Amino acid sequence: MKTKRLMLHDVLSEEIKNRDFRFYFEKERAVNQIARLVRDARLKADLTQEELAKRAETSQTVIARLESGLDQRIPSLDLLERIASALKAKLSVSFEYRKAA
């Protein structure tokens with residue numbers, strides 16, 4: 001008996017049609033994007049998590065949790081603004097519009 005091979009793209013294309021799935025998928029994507037942006041910016045600035053935390057008036061634990069992408073809490077705009085300021089960067093938030101089906 002031959003087994004059908006599933007491709008991730010095909011599965012996601014089908015699952016993304018489900019409103020609840022799409023909500024949690026996009027939330028996870030946003031959390032991971034924020035984690036990657038903070039980590040990359042910190043490394044570019046040649047700072048440790050502890051140094052960034054001190055400059056952003058938070059704890060190293062908060063920075064580590066944020067950078068891990070595993071924390072399901074969305075960081076506040078206040079925290080992200082403090083991190084951006086500590087990195088001598090500007091926080092930018094935007095909306096991306098979906099194409100009409």
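Mentor: A residue counts as buried when its relative accessible area is under 20%. Keep that cut-off at hand. The model is predicted.

Trainee: Why is Glu67 called buried?

Mentor: Its relative accessible area is 10%. The cut-off is under 20%. So Glu67 is buried. Its place is in helix α4.

Trainee: What is Glu67 in contact with, beyond its neighbours within four places in sequence?

Mentor: Glu67 is in contact with Ala35, Val38, Arg39, Arg42 and Gln49. Take Arg42 next. Arg42 sits in helix α2.

Trainee: Why does Arg42 count as buried?

Mentor: Arg42 has 9% relative accessibility. Buried means under 20%, so Arg42 counts as buried.

Trainee: What makes the link between the side chains of Arg42 and Glu67 a polar contact?

Mentor: The distance is 2.6 Å. A polar contact needs a pair of N or O atoms within 3.5 Å. The side chains of Arg42 and Glu67 are therefore joined by a polar contact.

Trainee: Which residues does Arg42 touch, not counting those up to four places away in sequence?

Mentor: Arg42 touches Leu47, Thr48, Gln49, Leu52, Glu67 and Leu87. Look at Leu52 in that list. Arg42 and Leu52 are ten residues apart in sequence, and their C-alpha atoms are 7.1 Å apart in space.

Trainee: How do you know that the span of helix α2 agrees with its number of residues?

Mentor: Helix α2 runs over residues 19–44, which is 26 residues. At 1.5 Å a residue, α2 should span 38 Å. Its end C-alpha atoms lie 37 Å apart, so the two values agree.

Trainee: What caps the N-terminal end of α2?

Mentor: Asn18 does. A side-chain oxygen of Asn18 lies 2.9 Å from the backbone nitrogen of Asp20.

Trainee: Which residues of α2 are buried, and what covers them?

Mentor: The buried ones are Val31, Ile34, Ala35, Val38 and Arg42. Their cover includes α3 (49–55), α4 (60–68) and α5 (77–86).

Trainee: How many aromatic pairs does the structure hold?

Mentor: There are two. In one of them, the rings of Phe21 and Phe25 have centres 5.8 Å apart and planes at 20 degrees, so the pair is stacked.

Trainee: What separates Phe21 and Phe25 along helix α2?

Mentor: About one helical turn, because they are four residues apart. An α-helix has 3.6 residues a turn, so residues three or four places apart point the same way.

Trainee: Why are Phe21 and Phe25 called partly exposed?

Mentor: Phe21 has a relative accessible area of 28%, and Phe25 has 26%.

Trainee: Which type of pair do Phe23 and Tyr24 make?

Mentor: Their ring centres are 4.9 Å apart and their planes stand at 85 degrees, so the pair is edge-to-face. The cut-off for that name is over 60 degrees. Phe23 and Tyr24 are both exposed.

Trainee: Where do Asp46 and Glu57 sit?

Mentor: Asp46 is in the loop between α2 and α3. Glu57 is in the loop between α3 and α4.

Trainee: Why are Asp46 and Glu57 called exposed?

Mentor: Exposed means over 50%. Asp46 has a relative accessible area of 67%, so Asp46 is exposed. Glu57 has 66%, so Glu57 is exposed.

Trainee: Which residues lie nearest the centre of the largest pocket?

Mentor: Gln33, Ile34, Leu37, Ser92 and Ser94. The lining holds 29 residues, and the pocket has about 1,200 Å³ of space.

Trainee: Which helix supplies the largest share of that lining?

Mentor: Helix α2 does, with eleven residues.

Conventions:
Residues are numbered from 1 along each chain as its sequence is written. This is a predicted model: local features need pLDDT of at least 70, side-chain atom pairs count only at pLDDT 80 or more; totals for chains, interfaces and linings use all residues. Side-chain values use heavy atoms; hydrogens and water are left out. Helices (H or I, at least four residues) and strands (E, at least two) are DSSP runs, numbered from the N terminus. The expected span of a helix is 1.5 Å times one less than its number of residues. Buried means under 20% relative accessible area, exposed over 50%, partly exposed in between (1.4 Å probe, protein chains only). Contact means heavy atoms within 4.5 Å. A polar contact is a pair of N or O atoms within 3.5 Å; within protein, one must be able to donate a hydrogen and the other to accept it, and residues adjacent in sequence count only if both atoms are side-chain atoms. Rings of Phe, Tyr and Trp (its six-membered ring) pair if their centres lie within 6.5 Å; planes under 30 degrees apart count as stacked, over 60 as edge-to-face and the rest as tilted. On a 1 Å grid over the protein atoms alone, a cavity is a set of points where a 1.4 Å probe fits but cannot get out, and a pocket is an open set with protein on both sides within 12 Å along at least five of seven lines; lining residues have an atom within 4 Å of a point. Grid points are joined across faces, edges and corners, and a volume is the space filled by probe spheres set on the points.
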